[in-house]
Amino acid sequence: MRAAVLQEIGQDKLEVLDDVEAVGFGPGRVRIRVRATGLCHSDLSAMSGVLPQPAPFVPGHEGAGEILEVGEGVTNLKVGDRVVVCWLPACGVCAACKRGQTELCLAGFMNAGTPNFRRPTGDVFGFAGTGTFAEEVVVDAGSAVPIPDDVPFDIAALIGCGVTTGLGAALNTADVEAGSSVAVIGCGGVGISAIQGARLKGAAEIVAVDPVASRRESALKFGATRAVSPEELPDAKQQVTAGEGFDYVFEVVGRSATARTAYDNTRRGGSLIIVGAGSMDDFLQLNMFELFFDEKRILPSMYGGGDVLRSYERTIALWRAGRIDLEGLITHRVPLADINEALDQMRTGTALRTCIEI
């Protein structure tokens, strides 16, 4: 079968190969025919080494498709079921799951070190234990979440990561208060989803911050009340909050520099929500006095900060009701053969989300 493979960490191009085999099928596992997958910035971070990932590997973790084969002991899925791939499944029995913090379950991460694929030259891993830049993938049954027939594969793919992460940051982690002021730094697919979440919660002012003009224009269409470049953020802070700072600031880039900017633009007593996934050697510096004196809440948001399955259901309900726009997030579509074109679109910021049709 075909799959896009990164041979070594640090390379900026993927090789689309046709000698890749999805492996690991057996009890408790399912084989999925991938129909659509989104390109998330985390895929680029894994390719560059910002996020740890063994190589060679197949990127992709935001996918949807249909069940081709069901392993022994799997009772909730059958051949032909439409599913979204969940890269962070909950085991249901660990301490985090028992506390209701299923987004902190480590079961999914344990799969990241086991090869998902094989080539004649050796084993190939799947990013985050999945690897959806492939025609087929084998995953634990818990990573295949059934979706209703009226949800298109491209929409379902977005729900698998970016939309769930951004919406959840606003709805779950921040629990944005109606009438509040919000700034979102980084307005790709995840940032736009955070903007939609803040709008749903009734935020009065939502300032989108991004260096790319096309993304700022898109942010206004999705609910931002104004959109500015990073250099214009101080003026927006003065105009919207009289210089006090925003009630909520979402950092959706994953860098200490933007996190520091987000902290500085959060009002005293306000909330900084860290949504971007950054590097282990990129440190955010805060002094002990400001931590005490400003009483700003720093809230990391892992995969939307809530129960993943409930978040999927909520997102589908909001989409059906026309309360959120998911179709508009897909600005580009490319076949798997042109995957490197999608990478360029992400790197330059010309795409909110590119759908790779497989």
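1. E62 and R353 form a salt bridge, with their closest N and O atoms 3.0 Å apart; the term is used here for a side-chain nitrogen of Lys or Arg within 4 Å of a carboxyl oxygen of Asp or Glu. Because E62 lies in strand β6 (residues 62-70) and R353 in strand β19 (residues 353-357), the pair ties together parts that are 291 residues apart in sequence. Strands, and likewise helices, are DSSP runs numbered from the N terminus, a strand being E over at least two residues and a helix H or I over at least four. E62 counts as buried at 0% relative accessibility, and R353 counts as buried at 5%, where buried means under 20% relative accessible area, exposed over 50%, and partly exposed in between (1.4 Å probe, protein chains only).

2. A word on the basis of these values: this is a predicted model, in which local features need pLDDT of at least 70 and side-chain atom pairs count only at pLDDT 80 or more, while totals for chains, interfaces and linings use all residues. Residues are numbered from 1 along each chain as its sequence is written, and side-chain values use heavy atoms, with hydrogens and water left out.

3. The side chains of D294 and R268 meet in a salt bridge at 3.7 Å, N to O. Since D294 lies in helix α10 (residues 288-294) and R268 in strand β16 (residues 266-274), this pair ties together parts that are 26 residues apart in sequence. D294 is buried, with a relative accessible area of 13%, whereas R268 counts as partly exposed at 47% relative accessibility.

4. R2 and E135 also meet through their side chains in a salt bridge, at 3.2 Å from N to O. R2 lies in the segment before β1 (3-5) and E135 in the loop between β9 (122-126) and β10 (136-140), so the pair ties together parts that are 133 residues apart in sequence. R2 counts as partly exposed at 29% relative accessibility, while E135 is buried at 19%.

5. The count of salt bridges comes to 19, and K13, D344 and R347 are linked in a network of them.

6. Finally, S48 lies in helix α1 (residues 41-48) and, at 46% relative accessibility, counts as partly exposed. A polar atom of the S48 side chain lies 3.1 Å from the backbone oxygen of S45. Leaving aside residues up to four places away in sequence, S48 touches I9 and G10, contact meaning heavy atoms within 4.5 Å.

Technical notes: Polar contact = N/O pair within 3.5 Å; in protein donor to acceptor, adjacent residues only side chain to side chain.
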